Amino acid sequence: MSADSSHIKRSLSSNGADDDKDSKKARVERFVADQQLLCSQSIPTPHTPHVIQTTRLPDALRKKILVTGGAGFVGSHLVDLLMSQGHEVVVLDNFFTGRKANVEHWLHHPNFSLVRHDVTQPILLEVDQIYHLACPASPPHYQYNPVKTIKTSTMGTINMLGLAKRVKARILLASTSEIYGDPTVHPQPESYWGNVNTIGPRVRSPANFDFFSLL
Ligand SMILES: O=C(O)[C@H]1O[C@H](OP(=O)(O)OP(=O)(O)OC[C@H]2O[C@@H](n3ccc(=O)[nH]c3=O)[C@H](O)[C@@H]2O)[C@H](O)[C@@H](O)[C@@H]1O
């Protein structure tokens with residue numbers, strides 16, 4: 001090889017190394033930008049095609065919040081709100097009626113965790129707040145297996161109250177209009193106390209066990 005050609009070869013290979021370095025740097029920058037984007041919004045999915053932005057909260061303001069039944073209708077909308085506010089959200093759900101699709105737009109997000117768990121079993125977690133929504137809600141669902149419904153409503157609620165007590169978390173227990181029976185007045189003012197039937201099928205309804213939260 002002549003002196004000239006070896007010079008050209010060296011120059012080519014050094015250009016190639018520079019190109020490699022540049023493309024590696026570009027790849028790293030793109031990766032970092034992608035990660036930052038993923039930390040700041042939901043991912044569009046067929047079920048939730050719109051993008052939800054998340055706020056970046058300072059550590060002192062960011063709460064760790066447990067939502068039981070968070071894959072359900074009400075729960076998943078609450079999860080969207082809490083995530084958009086920048087909190088850390090843990091969803092516990094046994095997917096009896098809820099669907100993973102309701103929350104899968106958050107699965108990549110570092111503030112979000114999804115745990116398949118039945119609230120009738122105790123669980124150890126460190127959280128600041130609990131929204132306890134896990135319960136079969138509609139009559140066909142809560143009458144499907146009444147004993148299981150009672151276990152969910154009693155043991156599930158006791159487990160969540162125990163957790164709240166242990167970690168000193170605030171807890172909200174979702175009730176249901178089912179406990180008031182079929183109203184005879186429409187719309188119902190605060191002074192209307194309901195039309196409760198204590199011997200009908202709704203006697204087994206989820207929130208007949210709300211009194212536990214008062215203990
Ligand atoms: O208005 C009401 O009466 C109900 O409103 C919501 O229920 P909703 O969102 O309408 O119903 P679903 O979409 O069925 O959500 C319930 C969630 O709890 C979950 N679940 C149910 C049963 C169970 O044992 N564990 C459990 O995690 C289901 O999989 C589901 O994700 C609340 O989650 C219920 O607690 C409340 O009783």
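Visitor: What percentage of the residues in the protein chain is buried?
Guide: A residue is buried if 20 or more other C-beta atoms, placed from the backbone, lie within 10 Å of its own, exposed if 12 or fewer, and partly exposed in between. Buried residues account for 25% of the 215 residues in the protein chain. This is a predicted model, in which local features need pLDDT of at least 70 and side-chain atom pairs count only at pLDDT 80 or more, while totals for chains, interfaces and linings use all residues. Residues are numbered from 1 along each chain as its sequence is written.

Visitor: Why does His-186 count as exposed?
Guide: His-186 counts as exposed because it has 6 C-beta neighbours inside 10 Å. His-186 is placed in the segment after strand E5 (170–173).

Visitor: How many helices and strands does the protein chain have?
Guide: Helices (H or I, at least four residues) and strands (E, at least two) are DSSP runs, numbered from the N terminus. The protein chain has four helices and five strands, and from the N terminus on they run α-β-α-β-β-β-α-α-β.

Visitor: In what order do the strands of the open sheet stand?
Guide: Strands of a sheet pair through backbone hydrogen bonds, either parallel or antiparallel. Two strands pair here if DSSP finds at least two bridges between them. The open sheet of five strands has the order E3-E2-E1-E4-E5, with parallel pairing. Strand E3 (112–116) and E5 stand at the edges with a single partner strand each, so one side of each lacks a neighbour in the sheet. E1 and E4 pair in the parallel sense over four bridges; Ile-65 has Gln-129 in E4 as its bridge partner.

Visitor: Which residues have the most contacts inside the largest nonpolar core?
Guide: In soluble globular proteins, nonpolar side chains tend to be buried together. A nonpolar core is a set of buried Ala, Val, Leu, Ile, Met, Phe, Trp, Tyr and Cys residues joined through C-beta atoms within 7 Å. The largest has 26 residues, and those with the most contacts inside it are Ile-65, Leu-66, Val-67, Val-79, Val-89, Val-91 and Ile-130. Strand E1 (64–68), H2, strand E2 (88–93), strand E4 (129–132) and helix H4 (146–167) each supply at least two residues of this core.

Visitor: Which residues around the ligand are the closest?
Guide: A residue is near a molecule if its C-beta atom, placed from the backbone, lies within 6 Å of it. By this criterion 25 residues surround the ligand, the closest being Gly-69, Gly-72, Gly-98, Leu-133 and Thr-176. Helix H2 (residues 73–84) gives the largest share of the shell, three residues.
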